[in-house]
Amino acid sequence: MTEKTLNSILVKPSGPDCNLSCSYCFYSGRAGLFPETRTHRMTGELLTEMIRQAMTQSGDQVGFAWQGGEPTLMGLPFFKKAVELISRFGRNQAVGNGLQTNGILIDREWSRFLRRYNFLVGLSLDGPEHIHDRYRRMKDGKGSWSIISDRAKLMQDEGVPVNILAVVTDYSAGFPEEMYGFYKDQGLNYMQFIPCVEPDPVDPNRVQRFSVSAEKFGAFLCRLFDLWLADFEGNLQTTSIRFFDSVFYTYVGLTPPECTLLNECGNYLVVEHNGDIYPCDFFVEPRWRLGNIKDSRLQDMLNSEKQKAFGAMKRTLPKECDGCRWLHHCRGGCIKGRAGGLAHRGVSHLCGAYRMFFGHADVILSKLAEGWKSGQSPISAPGMTGQ
């Protein structure tokens, strides 16, 4: 079996710590894994070792995705140090940096740094105020929409490339037109919509109240697809929706950039604030700990037997997937949604949503794929995802 190349690392420098208190946050509970301190921060020593390993063990390109919790809690000097270390240990690789943030701490100095070093920012903004503030609130219970919207404008004014990450909940799924129109009006034309599906901590056979149902998410995707398609201008798409862009890869026979659509997981590593390594941020749990950068190599952990076992779970599909005409597009969905209360007989909680979407969009996507292969598709990529 060919050894995987290290080319993507998701870093959680502040662990599960955050300055918001979002109702649907799946990562806040991870604090129990690190009881040694109440505050979780990556040390300069660990940062240096992680970047040294990443730059010396990766191939021609490597990407760092800085996430949380809230990564800006580390402070701007931490990220200035990271950039310096990437330069120090680099071997002329192509390096990408992405910052996933709620934006609360972003100011003009932050914005100018992000622009100077070409950080791609993923801003967590769930839509208009009544949608965003439904579940994304400050520690004191106040809404966070006003300040985050202000930070979005600040970054745009400073020329920072900003993508939107919106969580689709039981509530927001009812407003695809309003959400899409809001982002367009704000000039936020790169969008990612993440379905919220979280198990009930009391009854594992149920999902939490804010989780979106397959029926609602399917209807949301179908309406969103129509809005996206209606905005094409001649041979150009005017907005990018990551899921649609990624699905399109599967229609033209290329490997999609979205991991949920891959045949196998385990193509990146998660680095926690203390140096512990995991195969996926949905599976930061003791049984999937791969090691620690203090005593193991990133490249070795990426190709470890435990990592291979994790990746292989994606290929183990329920019998309902046998013969499904959409399998080569969805690959059974994210394995998180195929376990416990998130699944029915191992079938993804969102299986019905994807069946609904592909039934609605397949004819059009197939025609677009034919056009792309002949050089005449109105879709401007593959190669179009993100800014």
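This is a predicted model: local features need pLDDT of at least 70, side-chain atom pairs count only at pLDDT 80 or more; totals for chains, interfaces and linings use all residues.
## Strand S5, covered on both faces

Put another way, 7 of the 7 residues of S5 (residues 162-168) are buried, so the strand is largely enclosed by the rest of the structure.

## Who sits next to S5

Which strands does S5 pair with? On one hand there's strand S4 (residues 120-124), joined to S5 by 4 bridges. These two run parallel, and Gly122 stands opposite Asn163 of S5.

## The whole sheet

Now zoom out. S5 belongs to an open sheet of 10 strands, in the order S7-S6-S5-S4-S3-S2-S1-S8-S9-S10, with mixed pairing. Where does the sheet end? Its edge strands are S7 (240-241) and S10 (291-292), and each of those pairs on one side only.

Elsewhere in the sheet, strand S2 (residues 61-66) and strand S3 (residues 94-101) run parallel, with 6 bridges joining them. To find the spot by eye, look for Val62, which stands opposite Val95 in S3.

## Salt bridges across the chain

How many salt bridges are there? The count comes to 21. One of them brings together the side chains of Lys12 and Asp281, at 3.9 Å from N to O. Lys12 lies in strand S1 (residues 8-12) and Asp281 in the loop between strand S9 (276-278) and S10, so this pair ties together parts that are 269 residues apart in sequence.

Another salt bridge joins the side chains of Asp17 and Arg41, 2.8 Å from N to O. Both residues are in the loop between S1 and helix H1 (44-57), but they're 24 residues apart. Asp17 is buried, with a relative accessible area of 13%, whereas Arg41 counts as partly exposed at 32%.

## Two more places to look

Then there's Glu264, which forms a salt bridge with Arg315, the closest N and O atoms being 2.1 Å apart. Glu264 is in the loop between helix H8 (242-251) and strand S8 (269-272), while Arg315 is in the loop between helix H10 (305-312) and helix H11 (327-330), so the pair ties together parts that are 51 residues apart in sequence. Arg315 is partly exposed, with a relative accessible area of 43%.

Finally, which residues share salt-bridge partners and so form one network? They are Arg108, Arg112, Arg115 and Glu158.

Conventions
Residues are numbered from 1 along each chain as its sequence is written. Side-chain values use heavy atoms; hydrogens and water are left out. Two strands pair if DSSP finds at least two bridges between them. Buried means under 20% relative accessible area, exposed over 50%, partly exposed in between (1.4 Å probe, protein chains only). A salt bridge is a side-chain nitrogen of Lys or Arg within 4 Å of a carboxyl oxygen of Asp or Glu.
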